[in-house]
Structures are given as C-alpha cells and as structure tokens.
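Work through the exercises below with the sequence and the model open beside you, and try each task before reading its solution.

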Amino acid sequence: MKIVALETLRPRVHPNLLLLLLHTDAGVTGLGEAFYGAGAVESYLHDTVAPVLLGLPDPTPERCARMLTSYVGYQGAGAETRGNGAVDIALWDLLGKTAGLPLVDLLGGAVRDAVPIYNTCAGPGYVRTSTRQESANWGLHDTERYDDLRAFLTDPGRLARELADEGIGGMKIWPFDRAAERTGGTEITTPDLDEGLAVLEAIRAEVGSRMNLMVELHGLWNRPAAARILAAIAPYQPYWVEDPLRPDAVDALAHLAAETDVPIATGETCVGRRGFLPLLTQGAVDVVTVDVQWTGGITEARKIAVLADAYGVPLAPHDCTGPVTLAACVHLVAGQPNGLVQETVRAFLRTWYADLVTGLPQIDDGSIRPSRAPGHGVTLRPGLSDDPEVQHRLTRL
Ligand SMILES: [Mg+2]
C-alpha cells in the first residue's frame, strides 16, 4: 500500500482547524487533524511531508514518525510537530481500516469499555477566532445553547446541576484567568481571589462533593501567585489544578507540587516522551494531560502513556483541539491501564464537531466509549469536501 495523495481541508467555520486526508492506492483513506496555525501546518504538510510520504512503501506510523522527524522544529508543538501529529493519526486510521480493527484493538485492546468524562466548560465559539489563550478569544455569546463558559462565570451552581443531571461527574473551569490578565500573572489580589473562589463555592453549595472540579490556570501565573491560588482552592478539594505554571517551568512546578496537596495536571502542550520525562522524574506532575495531536501523534502519545505509568501517574487526555483528536484520545485512554478520565466539551460535540464529522465516540451516563468501526471511526460529513466554505489543497504523487 502506498499513499498517492495528501489532501488538506480548512473549514472557514473554524479557522484554527485543519483536516488531513491521506489517500492510498488501495482506495482506503486515513483522516487526521491539526489545530492552531492551520495555514502554517498546511504549508508544512504539502511542502515538506508530501515529498517524503507520497509513494513510500508500507507507510507504517512508526516508520513515518522516524522519517518525518525534522532537524529543527521538534522541540515544542510547532507547525512541524502538529503536522506530524495529523499525519500519524491518519496513518493509524489507515492501519485500522486495512486491518479491519478499531484503533483500541490495534493498541492492545481495551482495559475498560468506557472511560469517565468531564466537561470542559467552554462555549461553542471558544478559541475560534485566533490562537490566543485569552479572554478576548473566549467567544462568549448571549444566546447560544451550551455556552458553558458564560454559565460558569454567571451561574455556576445552575451549570453544575445541569451537568450532574446529565450524569457528568466532572467539570473544568477557569475562574482566575481574567485576574491573571490584569496583572500579567505576577500577583493575585484578594478581591480577584474571592471572585474566583465564589465560583467554586457556588458549585459546591449546589452539588456538594459529587462533582469533580478541575481548576484550569492555563499557565498564566508566576509561582508565588499560583501558590496563593492553590492554598485558597485546596479547601474545596479540587480534583486537580491544571497548568498552574507553564509546564516548561519544571523546577518551579516541582516546588509547587511539593508545597500543595492539590494534584497538579499538566502536559497538553508538552511534546513527546522527552517533553514529559523531566516532569515525571521531578515529581512535578500528578496527572498527564497529553494532547495526542500536539504531542506528535498516537505513536508518541502511547509511549508517553507508558512512561507515565512507569512513574505511577495517570493519563487524562486533552480535548478542545478537534473531533478526530478526541476520537484518537478515546481509543488511547480506553486501552491504557493508567487511563483515568477523558476531557470532552459538550459545547463542541453538539455544535461544530457534529457539523464536520460523523462517527464520534458515544457518551452515555458520563462515560465515553471508543467506536467499534475500523480505525478511529470518524469520517468527514458527506459533502464537506465539496463545500465552498472549505479551503482545499491537494498534492498528488
Ligand atoms: Mg488545559
């Protein structure tokens, strides 16, 4: 089997998203995906990857991962790594379709049939218009359903009740981000701290301890300010605090981890085994939140999962980066003995994810299960390729 064409699609509805199709001479097509900097990734795929991949005999994920390792651009989730991640997910999809097996079976088989989810409380328009992680890119809307971001800011108790009633056992919120923007993360004032704590208080008052709380800090803080927030939220017994500092501040994170009882989750922006190793060896991470795409693909993510397991650290893959990535995550986490929980965003699953693809993993009663279709199970919605609102580029052998 050879790959004979590399096709990319960029739906105008979501400028951060790039979908990748690898077409083979056997008539099978693999689907991958990249998120953020879609134009740069598109150029990388057609200019640099296509000459390597097209016509290559037996393009297995592991072989291609080695061949596509770039001389520069491999440290950090740059365009090369995100492009390689998209290719790798598409290659695993091809492998599964060729073998007639779902991805989770290719990876060794399921440890459990379904994995608990938590809901990241974003709205449908979250991080849609730019690549910035800032409140100006939150896409807040007054009237859209599932605007869970506005809801956690304005009526967190009602939102927690609604999620609990759906059977969802965890919710992720980021009530301190705007405070970080006010000071550049150098300090948090007492009123700002109280404003964020009020969100946690309202959730606990409404649903008690039955809702796991993930408090996301987006790596916006300096260490002393982060330490103050952790001390303040500890009485609310959050399930974890996420990215209290940027994960490349390994020493500072290790200090923080030693000072607090709040579990620290990090890793969605870390790249590869070598990106995670220092965090694990220094005890700076309690939950690995790998992003299967940003870290370079399933081939790398499965090795990260094993590495984390060797350190006794559970795995909680990241979502928020597209429907294909979510499907790949679910196959991975269902097959790992240290698979803990899967991030999902109901506002995405019920709006733009469903608009673009079919075959998404199913959620029932707060748990998600991998598709039993060959590969990752996700395919483009019929007609999407011909949609005039989708920008195409094709490179053939
Ligand atoms: Mg995060």
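Predicted model: local features only at pLDDT ≥ 70, side-chain atom pairs only at ≥ 80, totals over all residues.

On a 1 Å grid over the protein atoms alone, a pocket is an open set of points where a 1.4 Å probe fits, with protein on both sides within 12 Å along at least five of seven lines, and its lining residues have an atom within 4 Å of a point. Residues are numbered from 1 along each chain as its sequence is written, and side-chain values use heavy atoms, with hydrogens and water left out.

**Exercise 1.** Describe the second largest pocket and the elements that line it.

Step 1: the second largest pocket holds about 220 Å³ of space. Step 2: it is lined by 16 residues, and those closest to its centre are Leu-349, Arg-350, Pro-361, Gln-362 and Ile-363. Step 3: at least two lining residues come from each of β4 (115-120), α14 (346-349) and β12 (362-364), and β12 gives the most, with three. Helices (H or I, at least four residues) and strands (E, at least two) are DSSP runs, numbered from the N terminus.

**Exercise 2.** Find which residues coordinate the magnesium ion.

Step 1: take as donors the N, O and S atoms within 2.8 Å of the metal (3.2 Å for Na, K and Ca), remembering that water is not among the atoms, so sites may look incomplete. Step 2: Glu-216, Glu-242 and Glu-268 each coordinate the magnesium ion through OE, at 2.0 to 2.1 Å. Step 3: the spacing of these donor residues in sequence is E-x25-E-x25-E. Because Glu-216 lies in strand β6 (residues 212-216) and Glu-242 in strand β7 (residues 240-242), the pair ties together parts that are 26 residues apart in sequence. Step 4: buried means under 20% relative accessible area, with a 1.4 Å probe and protein chains only; Glu-216 is buried at 2% relative accessibility, and Glu-242 is buried at 0%.

Notes: Buried < 20%, exposed > 50% of the residue type's maximum accessible area, 1.4 Å probe, protein only. Points joined across faces, edges and corners; volume = space filled by probe spheres on them.
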